[in-house]
Structure formats: C-alpha cells, structure tokens
Amino acid sequence: MTDLLIIGAGPAGIAAAVTAAEQGASVTVIDDNHAPGGQIWRGEFHGKPWYDRFQKVKLNIISDARVIAVHGNAVVIEQGAAARTIHWNKVILATGARELFLPFPGWTLPGVTGVGGLQALVKSGLVIRNKRVAVAGSGPLLLAAAAYLRAKGADLVMIAEQVPTAALMRFGMELRKHPKKLKQAAALQLQLLGVPYVRDCYVEHATGKGKLETLQFRQGSKTFTEEVDYAAIAYGFTPETELAAAFGCEILAHGVWVDKRQQTSIQNVYCAGESTGIGGVDVALLEGELAGLAACRKPTKHLLPLLAREQHFASLLNQTFSPRPGLKHLCTADTIVCRCEDVTYQVLRQQPDSRTAKLQTRCGMGPCQGRICGPANTFLFGWEQGSVRPPILPARMATLALSMTQETSS
Amino acid sequence: MIELFINGRGFFVKEGTTAAAAVLTCGTAQFRSSVTGEPRAPLCGMGICYECRLTIDGVQHARSCRIMATEGMRIETT
Amino acid sequence: MRAVIIGAGIVGAACAYELQREGFQVTVCDPGVIGGGATAAGMGHLAVMDDSPAQFALTSYSQALWRELAEELPPTAEILPCGSLWIAADAEEMAEVHRKFAYYSERGIPVEVLDSQQLAEAEPHLRPGMAGGLLMSADGVCYPPCAAEWLLRSVSVIRARVVRLAEGEVTLDRGSRLEADVIIVANGTAAVDLFPDLPLAPRKGHLLITDRYPGWLRHQLIELGYLKSAHSTTADSVAFNAQPRATGQILIGSSRQFGAVNGEIDPPMLARMLQRAFEYMPGLAQLASIRTWTGFRAATPDKLPVIGHAPGYSTVYLATGHEGLGISTSLATAKLLADQLMNRESRIPREPYLPGRSYSHD
Ligand SMILES: Cc1cc2nc3c(=O)[nH]c(=O)nc-3n(C[C@H](O)[C@H](O)[C@H](O)COP(=O)(O)OP(=O)(O)OC[C@H]3O[C@@H](n4cnc5c(N)ncnc54)[C@H](O)[C@@H]3O)c2cc1C
Ligand SMILES: Cc1cc2nc3c(=O)[nH]c(=O)nc-3n(C[C@H](O)[C@H](O)[C@H](O)COP(=O)(O)OP(=O)(O)OC[C@H]3O[C@@H](n4cnc5c(N)ncnc54)[C@H](O)[C@@H]3O)c2cc1C
Ligand code: FES
C-alpha cells in the first residue's frame, strides 16, 4: 500500500512526486518509460528544472512499467514479463499527451513519423546524422524538434507550419507579453538559422517504394516536392485520457475534468499535466506541484495566479495552432485511416457513427485501441471516442489474470 | 557497443539504444507488414501506435520502441 | 403485408431477411446500431449442440441454413469453417465424448473421436495429457455484426426504441406510431420491457481477444466441463472456450453470471475465466490481449429460445431467449416464424419453443 501513487513520470508526475515527498508522503511513481522525464525530457532529465529537488527526495520509482487495469483502489501493472498490483490511498494521474496525427496519402510509409515521435526515436538511439529530414504539421514542437534533430546532425530540408502567416503574426505580437517564451523562441530560431521555415504550408502527400522518398507540400495554390529520408509530421497533441477514463473520471473534450485543486470527479483521484488539457511543460509542472500539495492537504492558492498566466499562454497556443479545416480533405478514397486494421477513408466515410464503424469495419479494434485513428476520426467526421476497458494498453493475458485474482472475493 | 541480430544478420549498436532505433539505424525500413500487406515502421516513438511491433527473442508483437536492445538480442521483422 | 421487427440483432435481422423473402414489407426498429447488442458481444460460434433433443433439432437445422447462406455472405462476415473440438480432460469426460459421438453419428452429423495423441496433434498448444476430444467438423465461426448488417442490407431500419406495443401497432420513443400486420419482438434481453412475464434472465459473459497469431489455434475449443457449468441455472461459472478468428486473432471465453446488472468488466471474474483457459492452454498466458468486453445472454429456465405467437395477441410474435446460442440458431428461428406466419409445416417441430410452454427444466 502506498500513500500516494503517481502514474506518469513526465514533468507533471515528477513535480507532483517531488512536492508530495517533500511534504513527507510515501510516494510510488509508475512510468512506461525507461527513465523519468516523460515526453520532453526523455532520458535527459539531468540538469532540467526540478532535477535537484528530485535528487534529494526519496521516491519509489517503477520504470518500464505500465498500468493496464484499475480495480477499486488497486492498479494492475505490467513490467516486462512480470505483473503485480499496487494499492493506493490517493492517486495522481499524469499520463500526458500523444501527438495528433491526421491521415494523408502516404502517411503509412516507413519514414513518416511523428514530430515528437522522430525526436523520441533519436533520443532512444536512432542515428539521424546526414539524413534528410522535413518537419511539418503545426505547433511550437516543430521548432523544438527540428532544433534537436539538427543538433544531432540531421540535414533539415525545411519546416512547414500549416498556420497561415497572418495568424502567426498575431501570435508573435501576443508572445511579447510572455518574455520567457519569447526568449525560448528566439533561441530556437538561432539554432535553426538557414533552415527554411515555411508558413501556411502542409504536406499533401508522401510517396515512395516500400519507404518514404518524396513529399509533396502545398502552400496556397503552389505545390512543390522534396526528397527526404524522414518526414516528422504531427498537428499538435491530444490528451492521454484513457487511464483517467478507466478510473471513472469525467472526461471533457479538451481533457480530464479537474477542480482548482486538480482533483478529478472521483475523490482522491487527481490529474495533472497534459492529460487535463494541452498546456506545455510549464503548465504541467505547476499542475503537478498543485496536485502534489493538494494530495497532502496543503494550501495551493499561491500557485493559482501563476497557473492562470501559463494557461493563458497555452490557450493562445491552442487557438493559433489548431489544424485548419482544409486538412480534412487530404485523404483520397484509399487512404488508410485506421493503421492497425487498414480501414480506408472511403469505407469510413460511409459509416454513420463510430460504433457502427467499429463493428462493421474493425476501425479502432487493433492494438493501438483507437489511440491513433480515434482523434483523427473526431477531426474528420466529428465522431466521439470509444469507451475504455482493461487492458488500458495491450498486455499479456497472464497480467490480466494473475494480478486480479489477488482481489478475488468469492 | 552491443551486438544484436536483425533477421539473422549481426549488427553493433550503442548501449541505451531501443530495439526500434537499432533496427532503423541498421538500415531496415520495414518493421512489419500491415494486415493488407503494406510495409510499416515506427510512427509515434512513444509506445502507443504499435506500428513498431517486431518479434524479439521469440516474442511476437513486441513494442520495439519501448524495449532496450541487449547483447545477443534476436530481432525478426514480420 | 407489413411487418415490424423490434430489434436489429442477429435474430431480428434473420427474421427481417426471411420475411422480406416471403414478400413482407419489413421495417426494423432499434435505438442502437445494427448488431450492437448481444450480437456484437457474442463469439459467433456456429455450433450444433445436444443438451436436449429440441436444442439439437434447432442447432442442426440452423447450421444447415448457415452453410447455405455462407455462399452468399460477404468476406466481412468472416465465415471460418474451423470445426469444433470438445476437450475431455479425464476419463469421465471421455465417456461423454463417446456418448456424444454415438448421438451425433446416428443423426448424420460428421463427428470424430480423437484420442489423447490425436488431440495433441490437432491442437499443439493444449496442455499435454488431455484424455481426448470430439471433433465436430461441420461447426464453424462467423463475425455476427457484419452478418446482421448483410441480412438487413435492403431492409428499412429505423433508429428508434419501441416503447409500447398494441395489436397491430407499435409506438416509438419519439411518439410516432407504426402499423403492421405482423410484429416480431426480437429485442433480446429487453423483451421483458414489453413482456414482463417472460421468464428471461440476463446472463452476463466476458470475452477477451488477442493480437494476431495466425495458425496458433486451429479449431474452436470447448472444454466438456462446460456442460457442467453451463447447465447450472444459478451459480456463476467459467469454462474454457477458445476460438480462432479469420484474422488470426484468438477469442477467449467464457463466463456465466446471473444477477449482474452492469456491463462493466468484473476483474475477478475475468481473471477466473483466464486462469481456466491457462489450465487448458498454458501458452495463452504469454499472448498479447488487446481488448475485453462483456455481453448479456437472454436465458430461459429450460435453455430453449422463445419462438412463436405472443400470448394474448394475434399479430405479435416473440423471437428471443436464445441464451448463448442465438447466433447459431437465428436462421432457424426465422424459418420457424415464417412457417408459422405462412401456415406451413416446419422442418422441425415448433412446439418446444412456443411462448406458452411450461419452461420446466430437468
Ligand atoms: C512524443 C512527444 C514529444 C514531445 N516533445 C516535447 C518537447 O521536445 N518539448 C516540449 O516542450 N514539449 C514536448 N512535448 C509536449 C509534452 O507532452 C509536454 O511539454 C509535457 O512534457 C507534458 O508533461 P506531462 O507530465 O503532462 O506528460 P508527459 O511528459 O507526456 O509524461 C507522461 C508519462 O506518463 C507515462 N504514462 C502514460 N500512460 C501510462 C500508463 N498507463 N502507465 C504508466 N505510465 C504511463 C508516459 O510514458 C509518460 O512518461 C512532447 C510530447 C510528445 C507526445
Ligand atoms: C459472451 C457471449 C458469448 C456468446 N457466444 C455465442 C456463440 O459463440 N455462438 C452463438 O450462437 N451465440 C453466442 N452468444 C449468444 C448470442 O450472442 C445471442 O444469443 C444473440 O446475439 C442474440 O441476438 P438477438 O438479436 O436476440 O439479441 P441482441 O443482439 O441483443 O439484439 C437485440 C436488439 O434489440 C434492441 N432493442 C432492445 N430494446 C428495444 C426496443 N424496446 N425497441 C427496439 N429495439 C430494442 C437492442 O438495441 C439490440 O440491438 C453469446 C453471447 C454472449 C453474451
Ligand atoms: S513507434 Fe509507436 S508504439 Fe512504438
């Protein structure tokens, strides 16, 4: 039994864990990654904010482990070939976000990855030196990832941002109210000197034999092509709410609902970071700290003004970088939308709703459990996303069986 | 460096490399065939898309982007 | 003649298809998606069974109908002629294998007795040392929601709930009414909403599906111990049930629970079901599962469906209570109803399934 269980060791989970441990709570952190740091600091947490405080507290960290089921006040985790249950008094969900992928012809070719996706692969050892890479889609991650890839020796062909120039200008004006962010943006620009940053531009299709070779971009009425080895393409993020749903928490369109103390609709279940809505690392850290304090019954009011300021910036980002409706028309009839089951746009277009699509076409029935095609279908067809049942992520049958029998009452 | 085997051929990769990164770095573009036979490879890099599934040391459908390469690891694309 | 069918599950769909072929103008009402009830939850095992002579008559008749229909069904219906293998764990169950063999052979059903070694060869992932098995090669598997969709492809389906029933007329939840010469109540467990006196009880079941492992499993496997557990009409039970899907996935069942009202996964029950499966096939434990779900079977006390004239009405007919065999028996159900409507003899006696029967069980 642990006082406080934290699921996810990204910025939010780390801030929550450190804060609560500093208050004297016994804290267990479970994370699907090899080391704490989440999506942004993946394997490179050393020297980042909170690292010193993190070093000083005692935490029970379980890495390479994922929560695959929730049962009362216990969670079932799978770690390699092992499975176990952990009981908790309070829990903070800090499961973060995943990238939003919008289908287009050729997006299933090997070599087409996410933006954070390619960055994550490079962080986990992919040698990108001298590879021709294009970064496209939407949002500030395009710049951050491009700078990272360049620093690792990638030959960056271009960065294509779908947002129209006028909207980017307006965003630039607003950015002046956030000097810290302005500084970060300027630093990135410096690192990307010489790499074309093309606005109002998106990838229309990708082609290649067996793997990606050529990208076709569109900018207004103009189209042009580039030969590349990798295309890192994503349209921002979508919150990872599946675990919260399994806990029974209320989920809104933008993420998990929380009150001012980060508590979800379920008592003693808190949620912090991107799973409550896309806000970036600074919001995640603040929400994590708030949740850590709240779970220890400590005052949190002093953090609210800071959070409000960061959230203002986050909403600015979300408004500016939301995908343009025109991207709905990129799919051709035979573009695959559900990559697990190879369900095409043409087939899905004929379905009245997501449940019918699921039952009649197998869309969303594969191992990603709709994590990739679900948000795409919401964008394309306005469909609601499906319900969540164990396993929350695919798991060995033994995990589902073993750990739950410990609870068997009858 | 660690030595591992991709479809029977030996390669050396740096320690701390995931199986997915190793396979890409060693020049294999296709990780798996989709249900209609299309070539597929990692998309998300973070363990949720399941496009990086490989057979690793005999275990099918292993999420290679979440698995560290180890000495002597045997990786099969499908 | 106009027919209104309440429910777009496999039973309603089969009735719609049959009546349309008889020349009826058919309308189906369902508030949900086609095949979204028990039909979406079921395993789709197309089986012949012999718990009672009436069950044998209905399942074997229906299987012949499925075989004919299979020619026409689209690939999405995933008809897989994999055969069933009943697994005998011990000598007592092996005696049951021989009894069943005799019963089915006499009635022209293709069956084969496998000894311990033949069984191990037929299904290499079974735990070694099973006593033997009974191979029923004419059994198969289908994907029910797509079969239902196909059966309804040229039938008009209204997305609405029937809230009231009267002679020759149904009232929909949105207030409008539909008149009909014939009304068929095929709304599964929900039939009690319209006929509170029907002796139907929802019997919850869990299922789990794996990632794709083509060739791992070859037949639909069922433990013979299933007979002991499925027979109980009160206690919760689990039985080993594993099914190969056309996709290469493996579907694992099954549990039977009375009194459960919500459809959520019951983790201890799921665990019990899986443990049972590992006892028979230890290797299953290491396979990747990707989804679990539950469904409700409409159970009757005598384990036979309710097919025929609704008591007290002249235009209303019932087609429900198919428990764990409604996919298998849907086509024969539709034939029996159509025969009754057309005043024809049926291929098998209709009496055992009539709504007014005593429902007494052994
Ligand atoms: C691929 C990717 C790359 C990104 N790169 C950057 C970047 O370079 N710069 C930037 O500013 N922002 C980046 N972001 C945005 C980033 O999500 C936020 O800035 C911030 O890291 C969010 O922090 P968080 O703590 O809310 O979530 P995350 O950092 O996403 O952490 C969530 C953690 O929870 C774990 N988890 C989720 N579900 C489970 C489960 N069921 N069981 C166990 N563990 C689980 C995850 O593995 C992850 O480690 C990236 C996002 C993604 C998806
Ligand atoms: C776990 C499990 C495993 C099974 N395995 C098998 C198997 O292997 N082989 C087999 O043959 N059978 C199997 N079955 C049984 C089979 O699934 C059912 O017998 C069959 O699906 C019943 O079909 P139905 O059309 O009667 O009911 P349903 O599919 O439940 O359809 C009833 C429909 O009526 C609708 N409805 C309800 N109320 C109203 C109303 N007032 N107005 C209008 N519409 C209404 C519902 O929305 C629903 O769509 C299994 C069942 C379960 C639960
Ligand atoms: S690349 Fe997406 S799960 Fe591994």
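Predicted model: local features only at pLDDT ≥ 70, side-chain atom pairs only at ≥ 80, totals over all residues.
## A pair of isoleucines in chain B

Now zoom out. S5 and S7 belong to an open sheet of five strands in chain B, whose order is S2-S1-S7-S5-S6 and whose pairing is mixed. At the edges you'll find strand S2 (9-13) and strand S6 (59-63) of chain B, each of which pairs on one side only. On average, neighbouring strands in this sheet are turned by 40° against each other, if you ignore direction.

If you're wondering what "pairing" involves, strands of a sheet pair through backbone hydrogen bonds, and they can do so in a parallel or an antiparallel way.

## A three-strand sheet in chain A

Chain A has an open sheet made of three strands, in the order S12-S13-S14, with antiparallel pairing. Strand S12 (201-207) and strand S14 (222-227) of chain A each have a single partner strand, so one side of each is left without a neighbour in the sheet. From one strand to the next, the twist averages 25°.

How many bridges join S12(A) to strand S13 of chain A? There are six, and the two strands run antiparallel, with S13 covering residues 214-219. One pairing to look for is Thr207(A), whose bridge partner in S13(A) is Thr214(A).

## Ligand 1, between two chains

Where does ligand 1 sit? You'll find ligand 1 between chains A and B. Around ligand 1 there are 31 residues, and the nearest are Ala12(A), Asp31(A), Asn33(A), Gln39(A) and Glu274(A). Sorted by class, this shell has 15 nonpolar, eleven polar and five charged residues.

Zoom in on some individual atoms next. A backbone N or O atom of Gln39(A) is 2.9 Å from an oxygen atom of ligand 1, while a polar backbone atom of Val67(A) is 3.0 Å from a nitrogen atom of the ligand. With Gln119(A), a polar side-chain atom lies 3.0 Å from an oxygen atom of ligand 1. Taken alone, ligand 1 exposes 970 Å², and the protein buries 93% of that. Helix H1 (11-22), strand S4 (65-71), strand S7 (97-99), helix H3 (115-123) and helix H8 (280-295) of chain A each give two or more residues to the shell.

The shell has 35 residues, and the closest are Asp30(C), Thr39(C), Val162(C), Glu323(C) and Ser328(C). By class, they divide into 16 nonpolar, 15 polar and four charged. Each of these chain C elements supplies at least two residues of the shell: helix H1 (10-21), helix H2 (38-41), strand S13 (201-212), strand S17 (288-299) and helix H10 (326-341).

For Gly324(C), a backbone N or O atom is 3.0 Å from a nitrogen atom of the ligand, and for Ile327(C), a backbone N or O atom is 3.0 Å from an oxygen atom of ligand 2. Ligand 2 exposes 1000 Å² when taken alone, and the protein buries 93% of that area.

Definitions and conventions
Residues numbered from 1 in each chain as written. Chains lettered and ligands numbered in written order. Heavy atoms only, no water. Pairing = 2+ DSSP bridges. Helix = DSSP H or I, 4+ residues; strand = E, 2+ residues; numbered from the N terminus. Axes fitted to C-alpha atoms, helices over the stretch in contact; angles between N-to-C directions. Near = heavy atom within 4 Å. Polar contact = N/O pair within 3.5 Å; in protein donor to acceptor, adjacent residues only side chain to side chain. Areas by Shrake-Rupley, 256 points an atom, 1.4 Å probe, with all protein chains shown as cover. Nonpolar A, V, L, I, M, F, W, Y, C, P; charged D, E, K, R; others polar.
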